[in-house]
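Here are my notes on this one, as promised. Have a look at the model first, then read on.

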Amino acid sequence: MARDWNDLFIVDGATPTGDGDGDAAESGERRSGVFRRLRENLRKTRQALSSEIQATLFEDLNEETWERLEEALIYADVGASTTAQVVEQLEREATAGTVSGGEALTARLTELLAEIAKTGEDRIDISPSPTVILMVGVNGTGKTTTVGKLAWHLRHELGRKVVLAAADTFRAAAVEQLEVWAERAGVAFVSGPAGADPGSVAYDAIATARREDADVVIIDTAGRLHTQDDLMAELAKVRRVIAKQIPEAPHETLLTVDATTGQNGLRQAQIFSESVEVTGIVLTKLDGTAKGGIALAIAHDLGLPVKLIGMGEKLEDLRPFDADEFARALLT
Ligand SMILES: Nc1nc2c(ncn2[C@@H]2O[C@H](COP(=O)(O)OP(=O)(O)OP(=O)(O)O)[C@@H](O)[C@H]2O)c(=O)[nH]1
Ligand SMILES: [Mg+2]
């Protein structure tokens, strides 16, 4: 069963309850619904992978079959280095005789892929009050949408008081887009005048959260490329301003990565995360790619945990990432 919102967040003391939208039975139903959709979305890749697994792990194992299995995984967007590491390990175990038979080998492959997709702390600690979450990433990768959906879930599943900060001050449309999300989620919204300094908006939002005793501040930022030095410097400044209010903040910096951009997006994210401190990945638009392997490769390749995945534009399409579930959906 899919990991739930309550497993994603580390909370302090008693969990305040939501407004009923998150009640257990309904949430269980929604969870299996999401898993069904995840499987459905990955159907083509799973079918292709299954027939390759049948043709390799269920047959005589030799150099050629291992290579063929590697190719199939790379085709599913599991990156080359992740694939090599996983298949090498499986081959070692098969040669040693610790795992044998197609079914056991398939199960072990699923397990190894899930293992490699786990790195570091993959939960989000919201016990500091207020917790500051900074959303960063390349243009159009899904930052604002993720901020909105995350606010909704914090509000309605966990009953938290949330403040959204419109620190993407470049475009008026960006501020309006976030404001619409704040209204939908029923959370507070802080913006500045057009063209305001993003740092000052972040500062105001944290001040508002402290004054109004809010639990979580989520800061939306403008999209940028790692090559835009001025914009990367601006992000560093936003961080410094935040730290002036709360030295440990931002407690969480999430980097959005668009799954449809595959290995390219992954490389972009790698360079991005080298110049900005990032604590986790939000992998968006998984509904837009038939290959899902990137979700399993990204943690290993970036050395950062995937915390959330986006599978569509609706509220319930943002989900906590569960590596075991994902590996099963991709392979079996
Ligand atoms: N299909 C699909 N679309 C998504 C997903 N996440 C975001 N989008 C869409 O992608 C587009 C860009 O999303 P935004 O949230 O505006 O992206 P952004 O990173 O804030 O963009 P900038 O602020 O311009 O850098 C919007 O049309 C979203 O609805 C997803 O998981 N699946
Ligand atoms: Mg945006």
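1. One term before anything else: buried means under 20% relative accessible area, exposed means over 50%, and partly exposed sits in between (1.4 Å probe, protein chains only).

2. Ground rules. This is a predicted model, where local features need pLDDT of at least 70 and side-chain atom pairs count only at pLDDT 80 or more, while totals for chains, interfaces and linings use all residues. Residues are numbered from 1 along each chain as its sequence is written, chains are lettered from A and ligands numbered from 1 in the order in which they are written, and side-chain values use heavy atoms, with hydrogens and water left out.

3. Overall fold. I get 13 helices and 10 strands for the chain, taken as DSSP runs numbered from the N terminus (helices H or I, at least four residues; strands E, at least two). The radius of gyration is 21 Å, close to the 20 Å from the globule rule for 332 residues, so the chain is as compact as a globular protein of that length. Both figures rest on C-alpha atoms and on 2.2 Å times the number of residues to the power 0.38. Along the principal axes, the C-alpha atoms fill a box of roughly 65 × 45 × 30 Å.

4. Packing. Buried residues account for 54% of the 332. Of the contacts (heavy atoms within 4.5 Å) between residues at least 6 apart in sequence, 78% join residues at least 24 apart.

5. Salt bridges. The count is 14, using a side-chain nitrogen of Lys or Arg within 4 Å of a carboxyl oxygen of Asp or Glu. Aspartate 258 pairs with the lysine 285 from point 1, at 3.5 Å from N to O. That bridge links distant parts of the chain, 27 residues apart: aspartate 258 is in strand E7 (residues 252-258), and lysine 285 is in the loop between strand E8 (280-284) and helix H12 (294-302). Aspartate 258 is buried, at 10%.

6. Two more pairs. Lysine 237 and aspartate 197 have their closest N and O atoms 3.6 Å apart. Here lysine 237 belongs to helix H10 (229-245), and aspartate 197 to the loop between strand E5 (188-190) and helix H9 (198-211), 40 residues away. Arginine 171 bridges to aspartate 168 at 3.7 Å; arginine 171 is partly exposed at 46%, whereas aspartate 168 is buried at 6%.
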